[in-house]
Amino acid sequence: MNDAGEGSDRSASSLVSDAAHGAGGAAATPEVSRTILVIGGGIAGISAALEAAEAGYDVVVIEKNPYLGGRVAQLYRYFPKLCPPYCGLEINFRRIKDNPRIRFHTLAEVRAIAGGPGNFDVTVTLHPRYVNDRCTACNACVAVCPAERPNAFNLGMGKTKAIYLAHELAFPMKYAIDDTACALTECAKCVDVCPYNAIDLTMREKTLTLKAGAVIVATGWDPYDARRIDNLGFGTYPDVITNVMMERLAAPNGPTQGQILRPSDGRVVESAVFIQCAGSRDQNHLGYCSGICCLASLKEATYLRERNPGARAHIFYIDLRTPGTYEFFQTKVLADDHITIVKGKVARVTEDRARGQLVVEAEDILAGGKSRLSVDLVVLASGMVPSLARGAPAGPVALDGDRFVLAAGTGDGIFAAGCAKAPVDVATSVQDATAAAALAIETIHTAGRRS
């Protein structure tokens with residue numbers, strides 16, 4: 001097991017080699033670390049870590065969640081192949097397991113970065129999992145746990161016990177305890193039933209310091225808080241959901257086992273409106289285009305049609321953006337006469353209680369009027385917000401006004417990949433990660449020549 005967090009059989013001090021062997025076995029200068037730190041264990045972070053490690057460099061991955069995989073793990077399908085994410089993630093997890101150069105800390109956050117290229121000093125906080133590496137995911141603990149929490153992996157749709165496994169392919173495959181929901185030692189029922197002594201309710205937060213020759217920031221993104229868009233009804237009407245929630249509804253391991261049902265009453269969805277730019281391209285919310293929302297809505301409209309063959313989908317948009325090689329996908333989707341598009345901004349979403357439906361009022365620019373549509377479900381294409389908007393590590397990580405990492409001004413040796421840099425799709429994130437790994441390696445080589 002390569003998780004180097006609480007309960008690992010390998011000490012934290014052994015994770016970083018300050019003077020690992022150089023090319024051809026020659027010793028590197030002591031001041032230059034050949035370790036690359038990757039902040040974020042989503043698709044960009046995993047890809048960067050694998051590229052660097054398979055090129056012969058030690059890598060430490062820091063991930064805030066109790067599992068690797070990031071947002072991609074929550075999707076039902078992703079571009080460009082439209083396949084379930086577990087296919088690619090499972091292969092990458094196996095590569096991580098088999099590569100001794102990669103170590104990772106889950107439930108961890110970078111607090112500070114100091115120093116410069118070839119010799120960064122990094123401070124990391126390790127949050128307690130309360131479960132150690134002896135866990136076999138046998139589920140005995142869940143059966144006796146009396147406390148519940150909202151299911152974060154399913155975006156609050158449904159609940160889990162306070163001790164939980166985020167999803168069935170979670171990596172590392174071991175449970176975690178949410179200490180905001182658990183009474184810990186005041187309960188301890190899970191400790192009593194665990195046959196492997198895998199639960200330690202006395203675990204405490206720890207601080208780890210390590211050295212790195214280069215840093216890759218791959219911290220990913222969060223969905224924009226759609227509750228702030230008060231005219232669209234999210235948080236008021238349960239049948240107004242976000243696009244990420246729609247991914248979870250369509251996923252076989254989601255809250256409805258892949259059936260697209262209304263959250264309010266469990267009824268099959270026969271009609272849905274997809275609202276584009278829900279928070280994006282709006283100076284009151286996010287001033288930028290979130291890049292992939294149009295593609296996501298087109299994709300999710302196909303989910304609805306596949307699951308509920310008689311259903312109709314209506315997409316309200318400002319500009320329908322599917323650039324480059326994805327143009328063919330737009331053409332294919334819109335050939336379905338059960339999927340219609342309307343160019344116009346949605347004014348508001350209300351509820352028709354008598355009919356048990358939502359009412360979407362919008363302009364119709366091309367028809368030159370207004371439209372009013374009653375549907376079962378409304379899906380908001382909520383914008384992509386960089387995770388660093390919640391707080392960036394102290395140190396030389398420069399952000400723009402929207403909290404994306406600046407390519408220029410970040411300083412030599414610190415590079416961004418994926419959605420930490422801009423709103424992008426999975427394929428672009430992987431390309432970015434490969435480029436960031438190459439730049440990190442070049443940084444270490446350059447620092448070594450200067451020493």
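Cys138 is partly exposed, with a relative accessible area of 41%; on this scale buried means under 20% relative accessible area, exposed over 50%, and partly exposed in between (1.4 Å probe, protein chains only). Welcome to a short tour of this predicted model, in which local features need pLDDT of at least 70, side-chain atom pairs count only at pLDDT 80 or more, and totals for chains, interfaces and linings use all residues. Residues are numbered from 1 along each chain as its sequence is written, and side-chain values use heavy atoms, leaving out hydrogens and water.

**Cysteines**

- The structure holds zero disulfides, a disulfide being a pair of cysteine sulfur atoms within 2.5 Å.
- Cys138 is in no disulfide, and its nearest cysteine sulfur, that of Cys194, is 6.0 Å away.
- Cys87 is in no disulfide either, with the sulfur of Cys83 as the nearest cysteine sulfur at 5.1 Å.
- With 44% relative accessibility, Cys87 counts as partly exposed.

**The five-stranded sheet**

- Five strands form an open sheet in the order β13-β20-β14-β15-β16, with parallel pairing; strands (E, at least two residues) and helices (H or I, at least four) are DSSP runs, numbered from the N terminus.
- The edges are taken by β13 (240-242) and β16 (339-343), each with a single partner strand, so one side of each has no neighbour in the sheet.
- Neighbouring strands are turned by 25° against each other on average, direction ignored; axes are lines fitted to C-alpha atoms, for helices over the stretch in contact, and angles run from 0 to 180 degrees between N-to-C directions.

**Strand β20 and its partners**

- β20 (residues 377-382) pairs with β14 (residues 271-278) in the parallel sense over five bridges; two strands pair if DSSP finds at least two bridges between them.
- Along this pairing, Ile275 stands opposite Leu380, while Phe274 has Val379 as its bridge partner.
- β13 also pairs with β20 in the parallel sense, over three bridges, and the bridge partner of Thr242 in β20 is Leu380.
- Six of the six residues of β20 are buried, so this strand is largely enclosed by the rest of the structure.
- Both faces of β20 are covered, with Leu377, Val379 and Ala381 buried on one side and Val378, Leu380 and Ser382 buried on the other.

**Helices around the sheet**

- Helix α6 (residues 293-307) lies across β14, β15 (312-317), β16 and β20, and runs at about 170° to β14.
- Helix α5 (residues 243-250) is mostly covered, as eight of its eight residues are buried.
- Among the buried residues of α5 are Asn243, Met245, Glu247 and Arg248.
- The buried residues of α5 pack against β12 (221-223), β13, β14, α6 and β20, where contact means heavy atoms within 4.5 Å.

**Two further residues**

- Leu208 has its place in strand β10 (residues 206-212) and is buried, with a relative accessible area of 7%.
- Leu208 and Val110 are 98 residues apart along the chain, and their C-alpha atoms are separated by 9.3 Å.
- Gly88 lies in helix α2 (residues 85-98) and counts as partly exposed at 21% relative accessibility.
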